[in-house]
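Please keep the sequence and the model in view while going through the numbered points.

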Amino acid sequence: MARIENGQSFDTRSIRTISSSHIDEESSLGSDSEINGFTSDRQTDKYGFIGGAQQHSEESAQDVPPEVLRQREVKWLDMLSHWDKWMIKRFNKVRLRCQKGIPPALRGRAWLYLSGGKVKKEQNQGKFQELDSQPGDPKWLDVIEKDLHRQFPFHEMFVSRGGHGQQDLFRVLKAYTLYRPEEGYCQAQAPIAAVLLMHMPAEDAFWGLVQICEKYLPGYYSPGLEAIQLDGEILFALLRRFSPLSYRHLEKHKIDPILYMTEWFMCAFSRTLPWASVLRVWDMFLCDGVKIIFRVGLVLLKCTLGTREKLKACQGLYETMELLRAIDPRYMQEGFLVREILEVPVTARDVEREHHTQHKRWKKNRGELNFKPPPRMHGARLIMLAEPPRRQDLQQNPTIVLEVPTPQLKKDKEERKSKKKSIKKSQPIEEIPNPYPLPGETSPPPPPTDPPAPPPPPPADGSVTPETMPQTEKDSPHQQRAPPSELPPAKESVLHRSTQSLSSTEQDTYL
């Protein structure tokens, strides 16, 4: 049941048996490094590697200040919310932000959007669950099981035999063999899937793997590995222009590109570079396509073999291969490597032009390719243009949902609408003169009115009535005649002549 290697015991039970019966969903067993005893005596770095197993990870990492990181996160959240507009109208800005580095908190989501895996997943709802429920081809399952413990064995996600990380890796790789049975499984797919699983759930990682195998690196994992051999010739031809000294040295010793670039390209440098550099390379690779992989290879070759002093240390094939297998860590440091990559004058057009030339040479010397892969897509923008997404394909599924009562939402909307309408309809308010000025205040002049009608002639008996009483003051527009009363008329005041009520607070404008 268990075997001993280098002082560590490993459980040899089948991952299929463990995933189905040994670990339930509620258990934390296998979700970290508990099984192999790495929890107390060895610490993990910020990337999840135990004991600094991914060499030069901490030294080469460039820490971004927290305030800068928060600003970048806000910008990326805005881009992801309007992804189609950014990709079509402002792709150069997306590229620049990928070159600066995607914030770790959003890297998995950004990779899924860049690769087109998000659209693929939405357009194939339930497909992964269907593949995951099928038993799979035993021929591929046995090979996959043997490779599980080789994928980043000192990362806390994959350190445990039968842990959640290895279970998900098995599910993703098995699903791909069912999704593309003509290709089956290739060992170099395992590290690609493992890197994706470190940043996203199993279903998202599956569709990310599909996009990398079909759009970014088509034909790399097919039988015969003809596509990777063809790209090796393309790399060698580009090296002739980029670093003639390195090219002549490799040609002199007849070192075929397939000897040193196979793992670089097929694993997208995930097993070669320090982890901080791997993440930055993948950010640019998923944005701009395979030209980034070519640029990284050219930088490493030039830095290792690009001067005569360096070539003195490798006089033959063996010494050269040893040097390329153990590249100086200085050349793989995150800041240095990213700067050099951006300065390499190799474009997608250069890659396609050289691909056409090498393909013609291949056909002349070896005949037609046995496996014809689909055309390669150079970057996220071309992938989106080739398969335009629907609006609902790019909608983000929130992980935290706040429940707000629906009636309250409707009420708030109606209130906002009524406020907007009242503001539009409101007219400037006319000033109404105060009919009751305070002592010492001068009452404003009344607005001009029509001239008063002439008073009626006095009665013949000479009696004076309230109707014929002379008025010494001009009536204001608000004043009306006092109603007749049987009581003797009292001295009329301003209050008596006003129609405003002191008890009516709705009409008083002066209180």
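How many aromatic pairs does the count come to? The points below begin with the reply.

1. The count comes to 18 aromatic pairs. Rings of Phe, Tyr and Trp (its six-membered ring) pair if their centres lie within 6.5 Å; planes under 30 degrees apart are stacked, those over 60 are edge-to-face, and the rest are tilted. The rings of F49 and W275 have centres 5.1 Å apart and planes at 65°, so this pair is edge-to-face.

2. The model is predicted: local features need pLDDT of at least 70 and side-chain atom pairs count only at pLDDT 80 or more, while totals for chains, interfaces and linings use all residues. Residues are numbered from 1 along each chain as its sequence is written, and side-chain values use heavy atoms, with hydrogens and water left out.

3. The pair of F49 and W275 links distant parts of the chain, 226 residues apart. F49 is in the loop between α1 (15–22) and α2 (57–60), whereas W275 is in helix α16 (residues 275–288). Helices (H or I, at least four residues) and strands (E, at least two) are DSSP runs, numbered from the N terminus. F49 is buried, with a relative accessible area of 2%, and W275 is buried with a value of 2%. Buried means under 20% relative accessible area, exposed over 50%, and partly exposed in between (1.4 Å probe, protein chains only).

4. Helix α16 also holds F285, which forms a pair with Y216 of helix α12 (residues 202–216), so parts 69 residues apart in sequence are tied together. The pair of Y216 and F285 is tilted, at 5.2 Å centre to centre and 55° between the planes. Y216 counts as buried at 0% relative accessibility, and F285 counts as buried at 0%.

5. One aromatic cluster is formed by Y260, W264, F265, F269 and F294.

6. Charged side chains also lie over rings. A charge sits over a ring if NZ of Lys or CZ of Arg is within 6 Å of the ring centre and within 35 degrees of the ring normal. K302 lies over the face of F242, at 4.8 Å from the ring centre; R366 lies over the face of W362, at 4.0 Å.

7. For the protein as a whole, the secondary structure comes to 25 helices and 2 strands. Of its 511 residues, 42% count as buried. Among contacts (heavy atoms within 4.5 Å) between residues at least 6 apart in sequence, 75% join residues at least 24 apart.
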